[in-house]
Amino acid sequence: MTLPHIARLPIVAGLLLVQAGMATASPAAVAGNYILTPKPRPAPAINGPSVSGARPGRPFLYRIPSTGDRPMRFSALGMPESLRLDPATGIISGTVPMKVGEYTMTFRARNSRGAATRRFKIVVGDTLALTPPMGWNDWYTHYDRVTADLIRRAASAMVSSGMADFGYQYVNIDDCWMVKPGSTDPDLGGEPRGADGSIRPNRRFPDMKALTAFIHAQGLKAGIYTSPGPLTCARFTGSNGHEEADARKFAEWGFDFLKYDWCSYERVAGSKTLEDRKRPYELMGGILAKLDRDVVFNLCQYGMNEVWTWGSAVGGNCWRTTGDLGVEKSARLPGFYSIGFKNAAHDEYAGPGRWNDPDYILIGSVGNANRISDPPKPTSLTADEQYSYMSMWSLMAAPLLFSGDMNYLDEFTLNVLCNAEVIEVDQDPLGKQARVVRRTEDEFVLAKPMEDGSLALGLFNLSESPRRIAATWADLGVRGQRRARDLWRQMELGNVSGNYAADVPRHGVVFVRLFPR
Ligand code: GAL
């Protein structure tokens with residue numbers, strides 16, 4: 001079947017500065033970008049995952065992601081008594097029930113235009129990140145320039161841009177928040193640890209508790225970074241020999257997510273054996289599980305020793321499967337493709353609480369990982385490449401962590417990041433990573449089984465010209481008639497049988513969901 005004709009909406013305003021709800025035009029227009037995601041309706045719609053994992057008795061925080069006109073009133077039927085909901089903001093806070101089990105509730109959002117309900121389940125047990133973490137990480141924008149103030153502004157922009165209404169919730173600090181030993185920069189140098197051995201932030205982070213309190217007040221969560229080696233990758237202070245004290249400090253400060261890098265640990269490890277490579281993650285995973293705070297554990301050791309086969313056993317919730325996307329080189333296609341191809345091969349290891357992590361979403365205005373002193377600038381990826389990127393990450397149930405500049409979110413970038421039906425594929429509670437149906441020089445086809453029995457299908461054109469791509473029912477293991485829905489356009493395509501075929505633009509994607517009839 002062929003796609004009906006779709007109007008392509010050009011972007012005329014160029015970059016928009018989204019900050020504190022204000023949109024200001026900037027001169028850097030992005031030519032050729034076309035918007036597919038329909039604008040959210042004025043009536044309420046509740047987005048984001050339908051399930052959340054938490055450990056008994058730990059602090060709980062969740063902002064019900066919902067689009068629609070404000071003011072909006074929220075309620076939650078059947079919510080455990082240890083939790084409370086702010087009806088004006090939709091922020092749920094309190095303590096996770098002590099009793100292990102499943103707690104199902106119904107969220108309701110109402111405004112002057114209507115109401116929406118949605119079932120939500122808190123699974124109290126051992127497993128966090130039952131769906132892939134979503135949020136932002138500062139690395140590819142701020143590098144060694146990161147400050148507490150920039151992190152605060154990013155948190156505010158996550159709400160004012162509307163990203164939080166689609167489920168983005170983690171605001172994660174990467175490297176460079178600690179002291180840099182030997183640095184003559186008065187902001188960065190100094191004593192890395194207090195007299196009692198406790199880790200000290202550098203002067204750009206004067207008050208970590210106040211920073212996480214600011215993030216939490218908006219219903220968002222805070223992430224931090226360290227390395228098991230004596231130094232981080234950017235040669236700031238690492239946690240070697242202080243693992244337990246540092247982890248406790250992160251929890252005391254109020255962090256909810258830890259990215260644990262590798263870098264200078266190579267020297268400590270001694271050998272390249274699995275045992276030596278696993279050790280620091282085993283140690284930190286054990287420490288985090290015993291904290292009085294839920295901290296999602298992100299391993300960042302670039303896929304060494306097939307981390308996907310053991311990352312979950314050491315307590316990891318997600319693990320980078322490759323080197324840094326920002327420096328990935330490839331002959332013809334942009335770097336995210338080769339990272340995606342590598343990550344796609346490990347689908348059998350992903351599941352609720354354990355995700356393959358192909359690194360961040362680098363679109364919008366992003367820094368140059370090869371020359372970190374360069375200021376961020378608009379991505380050189382075409383519109384079709386950006387749709388492919390986001391589709392591939394969603395099909396792979398990858399963590400959706402944007403790492404472009406939160407202060408320069410243009411309308412096109414938000415349309416890529418904030419399509420509720422695309423995100424729903426990523427956040428599906430079944431937690432399956434797409435299977436590679438086909439990979440040739442010109443075509444890449446991914447299929448992801450969804451909890452409701454539907455199948456999300458991505459047809460990616462890797463070639464240099466438009467191309468018709470088909471997946472047969474035999475390829476997909478389905479039978480009979482299916483109802484097809486275009487996820488980017490959020491539009492019904494009618495019934496199909498035998499195969500699904502579409503014309504796909506150069507480096508573009510057609511992303512559909514096939515429902516049983
Ligand atoms: C790399 C890591 C990046 C970033 C950087 C910080 O090892 O893969 O994501 O965290 O270190 O120095």
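**View 1. The shell around the ligand holds six nonpolar, no polar and six charged residues.** Here Ala, Val, Leu, Ile, Met, Phe, Trp, Tyr, Cys and Pro count as nonpolar, Asp, Glu, Lys and Arg as charged, and the others, Gly among them, as polar. The model is predicted: local features need pLDDT of at least 70, side-chain atom pairs count only at pLDDT 80 or more, and totals for chains, interfaces and linings use all residues. Residues are numbered from 1 along each chain as its sequence is written, and side-chain values use heavy atoms, leaving out hydrogens and water. Trp139, Asp174, Tyr225, Lys259 and Arg320 are among the residues around the ligand (a heavy atom within 4 Å).

View 2. For aspartate 175, a side-chain N or O atom is 2.7 Å from a ligand oxygen. The protein covers 95% of the 310 Å² of accessible area that the ligand has on its own (Shrake-Rupley method, 1.4 Å probe).

**View 3. Helix 2 packs with helix 3.** Helices are DSSP runs (H or I, at least four residues), numbered from the N terminus. Helix 2 contributes Ala148, Ile151, Arg152, Ala155 and Ser156 to the contact (heavy atoms within 4.5 Å). Helix 3 contributes Ala210, Leu211, Phe214 and Ile215. These contact residues divide into seven nonpolar, one polar and one charged.

Conventions
Polar contact = N/O pair within 3.5 Å; in protein donor to acceptor, adjacent residues only side chain to side chain. Axes fitted to C-alpha atoms, helices over the stretch in contact; angles between N-to-C directions. Helix = DSSP H or I, 4+ residues; strand = E, 2+ residues; numbered from the N terminus.
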